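Subject: Structure for you, with notes

Hello,

Here is the structure for you to look at. My notes follow below it.

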Amino acid sequence: MNDAFMSQLNLLYVEDEISVREMLSKRLEKIVKNLYVAVDGEDGYEKYLEHKPDLILTDITMPKLNGIQMANKIREIDSQIPIIVLSAHADSNFLLDAIESGVTGYLIKPINKEKLYTLLETNAKMIYLDKINKKQLQQIEEQKTILQNIINAGKNISFVTDFNHISFANSAFLNFFNIKSIE
């Protein structure tokens, strides 16, 4: 197990069975950055709204809101969040409902710890890399803005073209041709 990715993970764990919840929570809190624990689907939804975790691990059969109903409500807000469903039911209807709600993974209880950790680690890695990618894109945009400001400060006309369209033009270019944008 790669702790570098798991140690950055904010995980919401939703389980109504006290003994299962306590046992798995103790293991999970040792490997993730933040663990938020909920006792049923309704509590899970509220904790999701409060903490905005990176990943959700949920039981499927629970009071108030079951795991699928909770996942569907969360998907209305965030269609991309990974959701892993745990179920004591091997019934294909549960699996089909889970697939329709867009779950990332589905594990049958009793849980194989290695499969669970592998699934968590795979998702944690994707989440971590996605965060890095978003941060790099933000930095590129900030650098583009700085470069645009530097080039606009000059009096010379500057533009970039592939001879079919203009992809960049400074304010001197726009002013010279009396246009508002390159579009």
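Start with Lys109. Lys109 forms a salt bridge with Glu15, and the closest N and O atoms are 2.8 Å apart. (A salt bridge here is a side-chain nitrogen of Lys or Arg within 4 Å of a carboxyl oxygen of Asp or Glu.) This pair links distant parts of the chain, 94 residues apart. Lys109 sits in the loop between β5 (105–108) and α6, and Glu15 in the loop between β1 (10–14) and α2. Helices (H or I, at least four residues) and strands (E, at least two) are DSSP runs, numbered from the N terminus. Lys109 and Glu15 are both buried. Buried means under 20% relative accessible area, exposed over 50%, and partly exposed in between (1.4 Å probe, protein chains only).

Before going on, the ground rules. This is a predicted model, in which local features need pLDDT of at least 70 and side-chain atom pairs count only at pLDDT 80 or more, while totals for chains, interfaces and linings use all residues. Residues are numbered from 1 along each chain as its sequence is written, and side-chain values use heavy atoms, with hydrogens and water left out.

Salt bridges

The structure holds 7 salt bridges. Lys109 also meets Asp59 in one, at 3.2 Å, N to O. Asp59 is in strand β3, and Lys109 in the loop between β5 and α6, 50 residues apart. Both Asp59 and Lys109 are buried.

Another bridge joins Asp40 and Lys64, with the closest N and O atoms 3.9 Å apart. Asp40 is in the loop between β2 (34–38) and α3 (41–51). Lys64 is in the loop between β3 (55–59) and α4 (67–77). The two are 24 residues apart, and the pair links distant parts of the chain. Lys64 is exposed, with a relative accessible area of 61%.

A buried arginine without a bridge

Arg21 lies in helix α2 (residues 18–31). Arg21 is buried yet has no salt bridge. The nearest side chain of opposite charge is Glu22, 5.5 Å away. (Lys and Arg count as positive, Asp and Glu as negative; His and the chain ends are not counted.) Which residues does Arg21 touch, leaving aside its neighbours within four places in sequence? Arg21 is in contact with Tyr13, Glu15, Asp16, Val37, Ala38 and Val39. Contact means heavy atoms within 4.5 Å.

Strand β3 again

Thr58 is in strand β3. Thr58 counts as buried because its relative accessible area is 0%. Leaving aside neighbours within four places in sequence, Thr58 has contacts that include Val14, Gly67, Met70 and Ile83.

Backbone

Most residues other than glycine have a negative phi, and most peptide bonds are trans. A cis peptide bond joins Lys109 and Pro110, with omega about 0°. Pro110 lies in the loop between β5 and α6. Lys52 has a positive phi, near 45°. Lys52 is in the loop between α3 and β3 and is partly exposed, at 45% relative accessibility. Phe163 has a positive phi too, near 75°. Phe163 is in the loop between β6 (159–161) and β7 (166–169) and is exposed, with a relative accessible area of 79%.

The largest pocket has a volume of about 350 Å³. A pocket is an open set of points on a 1 Å grid over the protein atoms alone, where a 1.4 Å probe fits, with protein on both sides within 12 Å along at least five of seven lines; lining residues have an atom within 4 Å of a point. Grid points are joined across faces, edges and corners, and a volume is the space filled by probe spheres set on the points. The lining has 13 residues, and Gln80, Pro82, Ile127, Asp130 and Lys134 lie nearest the centre. Helix α6 (residues 113–153) gives the largest share, 5 residues. By class, the lining has 6 nonpolar, 1 polar and 6 charged residues. (Ala, Val, Leu, Ile, Met, Phe, Trp, Tyr, Cys and Pro count as nonpolar, Asp, Glu, Lys and Arg as charged, and the others, Gly among them, as polar.)

Gln139 is also in helix α6. Gln139 and Tyr106 are 33 residues apart in sequence and 36 Å apart in space, C-alpha to C-alpha.

Best wishes

Technical notes. Lys, Arg positive; Asp, Glu negative; His and termini not counted.
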